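The coordinates are shown first.

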Amino acid sequence: MNFMNFISNYIYYIGAFGLVFIGIYIILVKRNLIKVIIGLSILDTGVNLFLISVGYISKGTAPIFSKIDIGITSMVDPVPQALVLTAIVIGVAVLALALSLAIRLYHHYGTLNLRKIKEQRW
Amino acid sequence: MRRIISIIILAIVALGIALCVINIPFGASKTKVGNYYIEKGREQTGAANIVTSVVVNYRGFDTLGEVTVLFVAAIGVSTVLATLKKKTKKEVEPASLVLSTGCRFLFPLILFFGAYIFIYGHLSPGGGFQGGAVIASAFLLTYLGCRGKRISEKRSKITESLSGLVFIVVGLIGLAVGGHYFLYNFLPKGVLFSLFSAGIIPLIYIAIGFKVGSEIAGIIDKLVEES
Amino acid sequence: MIFIVLFLIIVMLAAAVSASIFKDLMNAVIASCLVSLIASILFFLLQAPDVAMAEAAIGAALITAVFVIAIRRTKRYEE
């Protein structure tokens, strides 16, 4: 019973931070440049999930008013949703620029392995 | 070696973060700003969608910053890939009749759906960024389906620049006409739940929808270009 | 209700771990697209329909397309 209570309270935080740590592990350990960029995208998704789950209020509905009165008592916090909307679009802009730089790097060095690029020095 | 050190460091950081996150209660009300926007949002802005009124009206300057970041990223992609040596053009086999006809049939329907999403942004879930992404995926469909067709680059750049200009001009008119700050809501608020309501919010979202759509379509066109 | 969320989060973490294990880069990109899609469902369950729409349109469609185009212009297999 205590375990079920713990899970239902913290499951979203565990999921979000699990994604963040998997993303950081991919960035630190992997050697291929495109795999590092995939890790960056997973890190971004994890942080956005954490921000929205902080703004959740129990038994609240989406912050949109409607014509018919359906008996709404409380609504979810709207400010984190506005911030995460901005963050998702900025994430796609950063990823597009990073991939174009990776294409340029491949044409110059002929390989995408970061160890070999570091050894070349021109 | 590198793997073991990074796992140890991540475990220590995870322990520290777990000790902090345990104290954040899940599902309790945390800030007072959200309550203020929910109570006063309808009469101060006239929009039924509170997230839209926060993004465009209460925090409109942050949206201007984000549009700038997207613009700089599109310019960056164009610049980095401009001087690449082009390889010789391969012979692209044309797509089958069913595929190309289906793509040509679906293209205006998807554009229509994207336009519906950003026009009704202040009444139902949606808005400029979502509608812009749907429009960009309609252009992606023509790259995959009808092979060999390209977007004219000049037209997409003109659309993108004009939409950004509309955003800034609406903000400056608000500064000149009414109150003392940028992006002041100077158009009449209208009746709640009707299409022409909520002041400048539909205008700004239409401008953002066009801008994001043409920008991401331009980025995809620059990345695909092989000749 | 809590079991649905638990199942979805376990599948999402398994997809993220397998995105780091695969050697073929196309498979890793498809695993990251699955992570984005399940995150969009979780956004909807947290009562945020605007963010769910944005994540589904941008994260699961446009980012995957940009990755596939970039992998076509460089190598496909990780060394």
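Helix α3(A) has 31 residues, which at 1.5 Å a residue should span 45 Å, and its end C-alpha atoms are 45 Å apart, so the two values agree. The expected span is defined as 1.5 Å times one less than the number of residues in the helix. Helices (H or I, at least four residues) and strands (E, at least two) are DSSP runs, numbered from the N terminus. After α3(A) comes A:Gly110, whose phi is positive, near 85°.

The model is predicted: local features need pLDDT of at least 70, side-chain atom pairs count only at pLDDT 80 or more, and totals for chains, interfaces and linings use all residues. Residues are numbered from 1 along each chain as its sequence is written, and chains are lettered from A and ligands numbered from 1 in the order in which they are written.

**Confidence**

The predictor assigns the complex an ipTM of 0.94 and a pTM of 0.92. On pLDDT, the predictor's confidence in each residue from 0 to 100, chain A averages 90, with 98% of the residues scoring at least 70. For chain C the mean is 93, and 100% of its residues reach 70 or more. Among the elements of chain A, α2(A) has the highest mean pLDDT (95) and helix α4 (residues 114-120) the lowest (85).

**Contact of chain A with chain C**

Residues are in contact if their C-beta atoms, placed from the backbone, lie within 7 Å. Chain A contributes 39 residues to this contact and chain C contributes 40 residues. On the side of chain A, α1 (2-29), α2 (33-54) and α3 (79-109) each supply at least two residues, and α3(A) gives the most, with 12 residues. That side divides into 26 nonpolar, 11 polar and 2 charged residues. In this classification Ala, Val, Leu, Ile, Met, Phe, Trp, Tyr, Cys and Pro are nonpolar, Asp, Glu, Lys and Arg are charged, and the others, Gly among them, are polar.

Within this contact, α2(A) packs with helix α3 (residues 49-73) of chain C at an angle of about 175°, with the axes 12 Å apart. Axes are lines fitted to C-alpha atoms, for helices over the stretch in contact, and angles run from 0 to 180 degrees between N-to-C directions. The two helices are therefore roughly antiparallel, a term for angles over 145 degrees. A:Ile34, A:Ser41, A:Thr45 and A:Ile52 of α2(A) meet C:Val51, C:Gly59, C:Ile63, C:Ala70 and C:Ile71 of α3(C). These residues comprise 6 nonpolar, 3 polar and no charged.

**Contact of chain B with chain A**

Here 39 residues of chain B touch 37 residues of chain A. Two or more residues on the side of chain B come from each of α1 (2-21), α2 (33-45), α3 (50-58), α4 (60-80) and α8 (201-224). Helix α4(B) gives the most, with 8 residues. By class, this side has 26 nonpolar, 7 polar and 6 charged residues.

**Overall dimensions**

Chain A has 4 helices and 0 strands, while chain B has 8 helices and 0 strands.

| Chain | Box filled by C-alpha atoms |
|---|---|
| Chain A | roughly 65 × 40 × 15 Å |
| Chain B | roughly 60 × 60 × 35 Å |

How values were computed:
Contact = placed C-beta atoms within 7 Å. Parallel < 35°, antiparallel > 145°, perpendicular 65-115°, else oblique.
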